[in-house]
Amino acid sequence: MAGHQVTTSEFNGKHITVAGLGVSGVSAARALAGLGARVTVVDGGDGPALRERAAGLGDDVTVRLGDAATLPEGTDLVVTSPGWRPDSPLFAAAAAAGVDVVGDVEIAWRIRGEGAPPWLAVTGTNGKTTTVQMLASILEAAGLRTAAVGNIGTPIIDVVLSQEPYDVLAVELSSYQLHWAPSVRAHSAAVLNLAPDHLDWHGSMAAYAADKGRVYEGNRVACVYNTADARTEQLVRDADVEEGCRAIGFTLGAPGLSEVGVVDGILVDRAFVADRQRNAQELAEVSDVHPPAPHNIANALAAAALARAFGVDPKAVRDGLRAFRPDAHRIAHVADVDGVAYVDDSKATNTHAAEASLASYESIVWIAGGLAKGATFDELVTRSAKRLRGAVLIGADRALIKEALARHAPDVPVVDLDRTDTGAMAEAVRRAAALAGEGDTVLMAPACASMDMFTNYGERGEAFAAAVRELASGRTTEE
């Protein structure tokens, strides 16, 4: 194999149960069967789509649909998909039988073998995908063979097994993935921020933070943390790292020693330079970051710190940031209509992401709402109230936001849309336009998940963009 030799002996002949017939489950099942394991996939669902996916795995993999609670007899190891809760009955059965449960990221790490590329890992409540993509862009600008993998794009097992001779991997890791990946040891890693999220899965904020903190375990060169979020620095302090590994902070202000930050519109490095007591290295201009919103500049600094930890030169940081463009539905400017900017941040599916988005604009008509996932909105509204010119609320849990607005921003006009049909977003945009004046921004940063009304946040963002284009053209849809 080009690049490195995959390790196969650990799984050869073992009976491995894979939990879940999703993208990562299918990837794990195929890989492990190819490495000589006897594989059984279990999934609680059934139906034509799952049966077709099961058939695609071939005769080497056994698939059991409709029963996700019973541990197949003789199982030596359970490999779970990221979303499966730790209290799932299958895992309780595994624990009772003395069988370990790990995730697909753990399997990828174990099969890497000699000569495998090091991992630069990123986690955090928000900004992971953007930061990993920025990092990959910087690494590519440095002439390195890399890929953005993990919680995005191609399943990480497929990348590890590929024939591509990568120099380094930019790896996004969710708290779910880190929970099930005890052996992963990154070259360097970053925790971007911590805010309450997925607490129904983890059970508590402490457990959620601890799983995020696993990304620092065994780091060799740098643990990158957010100076504005003391909890990320504490995770560095708590981590067991290799001797010589350094704590590197990123800040939107002037950097101190062993930090990267911003001075007079310039991203600068006081961490990976000679004589950092007196010297700083210019990396890029704020204007090289797209979009140059504060939280996105923070993402760029974290990506730059990881790249510099890997030895990338400053010019590549600048070139990589200039070349990068964010995915759709992340603070995406859709159009200007009658002097009002319309911005799609449908990816802001929790309060922390929405707060970062709201902080990027001065005068906002806010479109918000959806599935709250157990979140509360008082802190978000309190911090953002002075920027709000109006709010249009949609979705199942909009009342929670309405109540927070009444408590903390009583003078802000609120439109409460009691409808969930396909025309709801078009009406939301029209009502927002009526509240907005020249120079305002109509910002869809829902602070909630989308599945009450849409398939995913992408579909929600497309609905918003279509409604804005419709507004711009002066047409209306039938309701």
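Five strands form an open sheet in the order S3-S2-S1-S4-S5, with parallel pairing; two strands count as paired if DSSP finds at least two bridges between them. Helices (H or I, at least four residues) and strands (E, at least two) are DSSP runs, numbered from the N terminus. At the edges of this sheet sit strand S3 (61-65) and strand S5 (100-103), each pairing on one side only. From one strand to the next, the twist averages 25°; angles run from 0 to 180 degrees between N-to-C directions, and axes are lines fitted to C-alpha atoms, for helices over the stretch in contact.

Keep in mind that this is a predicted model, where local features need pLDDT of at least 70, side-chain atom pairs count only at pLDDT 80 or more, and totals for chains, interfaces and linings use all residues. Residues are numbered from 1 along each chain as its sequence is written, and side-chain values use heavy atoms, leaving out hydrogens and water.

Now look at one pair of neighbours: strand S2 (residues 38-43) joins S3 in the parallel sense over five bridges. Here Asp43 stands opposite Leu65 in S3. Helix H1 packs on the sheet, touching (heavy atoms within 4.5 Å) strand S1 (15-19), S2, S3 and strand S4 (77-80). The direction of H1 makes about 165° with that of S1. Helix H3 (residues 89-96) also packs on the sheet, and touches S1, S2, S4 and S5; its direction makes about 155° with that of S4.

What about the inside? The largest nonpolar core has 54 residues, and Phe11, Leu32 and Trp119 are among those with the most contacts inside it. Such a core is a set of buried Ala, Val, Leu, Ile, Met, Phe, Trp, Tyr and Cys residues joined through side-chain atoms within 4.5 Å, where buried means under 20% relative accessible area (1.4 Å probe, protein chains only). Helix H1 (residues 23-34) gives the largest share of this core, five residues.

Terms used: Buried means under 20% relative accessible area, exposed over 50%, partly exposed in between (1.4 Å probe, protein chains only).
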